[in-house]
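Thanks for coming, everyone. Please look at the model on the screen while I talk.

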Amino acid sequence: MAEAPATAYQPAVPARPACVYTSCYCEENVWKLCEYIRSQNQYPLEEFYAVFISNDRRMVPLWKQKARGGNQPVIWDYHVILLHVSSGNQNFIYDLDTVLPFPCSFDTYVEEAFKSDDILEPGFRRKVRAVRADLYLKTFASDRSHMRDASGNWLKPPPLYPCIETADFKMNLDDFISMNPAVGCGSVFPLPEFVHGFGNQS
């Protein structure tokens, strides 16, 4: 008897143009993806992680970003993507700011967007904080003050919906960006450890 073909991966969110998106507010874009996934019951929310990418200098290069064409990286202070730890044979990344597919297989995203820390000066090497989506929805808060200049003007236009807050916090974004394991929620990894843990091991 022939082996049944593997079921094709079904994206957890709508196509990119239909997603809630505000440029330069990646932490909120991912929060909105998590909110959508929770509302659909297509996949267990516990399979998803908000992944903050930064380092102690807050200078992290990422390739294949819409903010810069060609083969040159963008140097972000931080970036946030969504990881789906799938029950299939590979995991997937959702990044609304990449030119790569949406979703993108984990290994392709690593190869094209992360590349390798080995090619970087030590000060640019990346760390990640992975926060389970259900916890992210419960704990993340931002009053968007980090996107105002000294005069209170917006550096980039904010989302049109109200600020995300919890009963306890109006602003705790820095705790998520921090790569100090003693601070905030979730688990902190050097990028190579994160890649090894979630990449295709087959």
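Let's start with Phe 140, which is buried, with a relative accessible area of 0%. Buried means under 20% relative accessible area, exposed means over 50%, and partly exposed is in between, with a 1.4 Å probe and protein chains only. One caution: this is a predicted model, so local features need pLDDT of at least 70, side-chain atom pairs count only at pLDDT 80 or more, and totals for chains, interfaces and linings use all residues. Residues are numbered from 1 along each chain as its sequence is written, and side-chain values use heavy atoms, with hydrogens and water left out.

Where does Phe 140 lie? In the loop between helix H3 (133–139) and helix H4 (173–177). Helices (H or I, at least four residues) and strands (E, at least two) are DSSP runs, numbered from the N terminus. What is Phe 140 in contact with, leaving aside its neighbours within four places in sequence? The list includes Glu 27, Glu 28, Trp 31, Ile 164 and Phe 176. Contact means heavy atoms within 4.5 Å. Gly 184 is 44 residues from Phe 140 along the chain, and their C-alpha atoms are separated by 9.9 Å.

Now the sheet. It is open, has six strands, and its order is S6-S5-S4-S1-S7-S8, with antiparallel pairing. Two strands pair if DSSP finds at least two bridges between them. S6 and strand S8 (187–190) stand at the edges, each with a single partner strand, so one side of each has no neighbour in the sheet.

Let's walk through some pairs. S4 and S5 run antiparallel and are joined by three bridges. His 84 has Phe 92 in S5 as its bridge partner. S1 pairs with strand S7 (residues 127–132) over six bridges, in the antiparallel sense. There, Ile 53 stands opposite Val 128 in S7. S7 and S8 run antiparallel too, with four bridges. Ala 130 has Ser 187 in S8 as its bridge partner.

Next, helix H2 (residues 106–114). Which of its residues are buried? They are Phe 106, Tyr 109, Val 110, Ala 113 and Phe 114. Seen down the axis of H2, these buried residues fall within an arc of 105°, so they line one face of the helix. The arc is that of the directions from the helix axis to the C-beta atoms. What do they pack against? Among the partners are strand S1 (48–54), strand S4 (79–84) and helix H5 (191–198). Just after H2, Lys 115 takes a positive phi of about 55°.

On to the rings. Rings of Phe, Tyr and Trp (its six-membered ring) pair if their centres lie within 6.5 Å; planes under 30 degrees apart count as stacked, over 60 as edge-to-face, and the rest as tilted. How many aromatic pairs does this rule give? The count is 14. Take Tyr 9 and Phe 92: their ring centres are 3.8 Å apart and their planes are at 10°, so the pair is stacked. Tyr 9 lies in the segment before helix H1 (26–40) and Phe 92 in strand S5 (residues 92–94), so the pair ties together parts that are 83 residues apart in sequence. Phe 92 is buried, with a relative accessible area of 10%.

Tyr 94 and Phe 102 also pair, edge-to-face, at 5.4 Å centre to centre and 85° between the planes. Both Tyr 94 and Phe 102 are buried. Elsewhere, ring pairs link Tyr 49, Phe 106, Phe 189, Phe 194 and Phe 198 into a cluster.

Some rings have a charge over them. The rule: NZ of Lys or CZ of Arg is within 6 Å of the ring centre and within 35 degrees of the ring normal. Lys 32 lies over the face of Tyr 161, at 4.3 Å from the ring centre. Arg 57 lies over the face of Phe 124, at 5.1 Å from the ring centre.

Last, some backbone details. The peptide bond from Phe 102 to Pro 103 is cis, with omega near 0°. Pro 103 sits in the loop between S5 and S6. Cys 24 is not a glycine, yet has a positive phi of about 75°. Cys 24 is in the segment before H1, and is partly exposed, with a relative accessible area of 30%.
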